[in-house]
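Me: I have a new model open and would like to learn how to read its features one by one. Could you walk me through it?

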Amino acid sequence: MTEEKQPHFVDSAPFDPNRVEPPDPDRERYYQASQWRIVWWKFKRHKLAVVAGVVLLIFYLTVPFAEIIAPYGANTRHNDYLYAPPQAVHFFDQGRFVGPFVRGYVAELDMETLSWKYSPDPASVLPIRFFCLSEPYKFWGLFPGRFHLFCPTPGEPLFLLGTDRLGRDLFSGLVYGARLSLTIGIIGVAISIVLGMFFGGIAGYFGGFIDSSVNRMIEILRCIPELPLWMALSAALPVTWSPIWIYFGITIILGMLDWPGLARAVRSKLLSLREEDYARAAVMMGAKPRRIISKHLLPGFTSHLVASATLAIPNMILGETALSFLNLGLRRPAVSWGVLLNEAQNITIVTVYPWLMAPVIPVIIVVLAFNFLGDGLRDAADPYKT
């Protein structure tokens with residue numbers, strides 16, 4: 001006869017209805033945290049998004065200090081070094097450590113192509129100086145200065161990424177170009193957010209005729225191909241405008257054409273939030289629609305708006321790059337990554353001077369980083385994901 005098994009009790013103490021269980025510290029900390037702190041905790045678990053955020057932070061740190069980081073001006077010409085190839089950075093010379101240096105050029109005229117051919121001079125050692133005084137500039141066009149992060153040997157070239165057809169340093173151009181290419185996305189998205197929140201807010205809150213009118217306007221804008229519309233509006237900008245006005249014109253065009261997607265997201269969210277108890281209580285207390293939308297409804301999904309804006313910035317950067325590449329956006333003396341790529345329109349020139357495609361690399365890195373960062377923020381802002 002088998003022995004009957006007895007159930008196993010974790011707690012043998014008798015049940016006490018008045019006993020209070022000790023609170024879980026982690027769960028209590030989670031319930032007491034604000035919305036942004038919870039988003040930050042969830043975002044930190046997305047390792048790829050964190051790395052992308054660090055990469056973007058490094059890129060954006062170059063924006064205010066472009067004059068200091070770049071060894072030359074963006075439009076400084078070196079007539080003796082047209083289409084000069086990139087110089088490799090070395091640390092050892094004949095087995096002896098001498099620090100970072102580059103080698104000079106040996107130039108020869110190719111009589112078949114009537115172009116200069118450059119090769120490194122093995123006998124030359126040109127040290128790279130750091131935290132030094134070199135070519136003068138005006139910091140943000142206001143304050144004169146000569147301090148640079150690194151400088152060439154006086155009287156010698158330093159072209160880490162080579163030069164273009166006019167002898168302009170590509171590395172300096174990339175550093176200066178980041179100032180326009182990266183900020184045009186931020187400003188354009190700010191304009192897009194304002195328009196998207198306004199039109200999406202009134203459509204989602206009031207509904208009816210206003211909702212139908214906003215939806216029809218969004219559908220009309222979405223039916224028009226973006227690139228031809230960008231090209232048409234950019235071509236309409238007067239050629240007599242200064243580079244700064246062209247910059248603001250391109251920014252406004254990109255921002256005004258990118259808001260429909262955000263407006264639809266705001267509209268759909270407000271359609272559900274306006275039926276919540278706190279929104280109805282605000283209506284019964286006599287709050288005006290503007291206050292209900294701005295103070296009660298929009299803050300409920302601000303984190304979602306931040307994630308959507310982060311995913312929209314790459315489209316702005318690619319739009320400016322495409323317009324400038326087609327010579328319909330920014331033009332010299334203004335410098336952006338698209339303006340630099342304008343030098344690489346001829347495939348024959350690119351095959352001979354492949355370093356002219358260098359501006360493609362930061363564009364790819366920044367666009368991918370924004371996409372990864374946007375994915376991480378979107379997952380962190382989703383209340384249904386833990």
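**Reading the model, feature by feature**

Reply: Happy to. Let us begin with a loop: Y83 lies in the loop between α4 and β1 (90–93). Keep in mind that this is a predicted model.

Me: What is the phi of Y83?

Reply: Most residues other than glycine have a negative phi, and most peptide bonds are trans. Y83 has a positive phi of about 55 degrees, although this residue is not a glycine.

Me: Is Y83 buried or exposed?

Reply: Y83 is buried, because its relative accessible area is 16%, and buried means under 20%.

Me: Where does Q94 lie, and what is its phi?

Reply: Q94 sits in the loop between β1 and β2 (96–102). Its phi is near 55 degrees, again a positive value in a residue other than glycine. Q94 counts as exposed, because its relative accessibility is 80% and exposed means over 50%.

Me: Which peptide bond is cis?

Reply: The bond from R332 to P333 is cis, with omega near 10 degrees. P333 is placed in the loop between α12 and α13.

Me: Now the wider view. How many helices and strands does the chain have?

Reply: There are 15 helices and 7 strands. The chain has 386 residues, of which 40% count as buried. Look also at contacts between residues at least 6 apart in sequence: 67% of them join residues at least 24 apart.

Me: How should I read the nonpolar core, and which residues have the most contacts inside the largest one?

Reply: In soluble globular proteins, nonpolar side chains tend to be buried together. Here the largest nonpolar core has 48 residues, and L182, I250, W337 and V366 have the most contacts inside it. Among the elements that give two or more residues to this core are α5 (170–206), α8 (243–257), α12 (302–325) and α15 (360–381). A second, separate core has 13 residues, including L262, V266, A279 and I292.

Me: What does L182 touch?

Reply: Leaving out residues up to four places away in sequence, L182 touches F59, Y60, V63, I317, W337 and V366.

Me: How do I describe a pair of packed helices, say α6 and α9?

Reply: Two packed helices are described by the angle between their axes and the distance between the axes. For α6 (residues 208–223) and α9 (residues 259–273), the axes come within 9 Å and cross at roughly 145 degrees. The crossing of α6 past α9 is left-handed. On the α6 side, the contact is made by D211, N215, M217, I218, E219, L221 and R222; on the α9 side, by W259, P260, G261, A263, R264 and R267. Sorted by class, this contact has 6 nonpolar, 2 polar and 5 charged residues.

Me: How many disulfides are found in the whole structure, and which cysteines are joined?

Reply: A search of the whole structure finds 1 disulfide. C132 is joined to C151, with an S to S distance of 1.9 Å. The link is right-handed, with 115 degrees about the S-S bond.

Me: Which parts of the chain does the pair tie together?

Reply: C132 lies in strand β6 (residues 129–139) and C151 in strand β7 (residues 143–151), so the pair ties together parts that are 19 residues apart in sequence. Both C132 and C151 are buried.

Me: And is C223 buried or exposed?

Reply: C223 is exposed, with a relative accessible area of 64%.

Technical notes. Residues are numbered from 1 along each chain as its sequence is written. This is a predicted model: local features need pLDDT of at least 70, side-chain atom pairs count only at pLDDT 80 or more; totals for chains, interfaces and linings use all residues. Side-chain values use heavy atoms; hydrogens and water are left out. Axes are lines fitted to C-alpha atoms, for helices over the stretch in contact, and angles run from 0 to 180 degrees between N-to-C directions. Helices (H or I, at least four residues) and strands (E, at least two) are DSSP runs, numbered from the N terminus. A crossing is left-handed if the near helix is turned anticlockwise from the far one by less than a right angle, and right-handed if clockwise. Contact means heavy atoms within 4.5 Å. Ala, Val, Leu, Ile, Met, Phe, Trp, Tyr, Cys and Pro count as nonpolar, Asp, Glu, Lys and Arg as charged, and the others, Gly among them, as polar. A disulfide is a pair of cysteine sulfur atoms within 2.5 Å. Buried means under 20% relative accessible area, exposed over 50%, partly exposed in between (1.4 Å probe, protein chains only). A nonpolar core is a set of buried Ala, Val, Leu, Ile, Met, Phe, Trp, Tyr and Cys residues joined through side-chain atoms within 4.5 Å.
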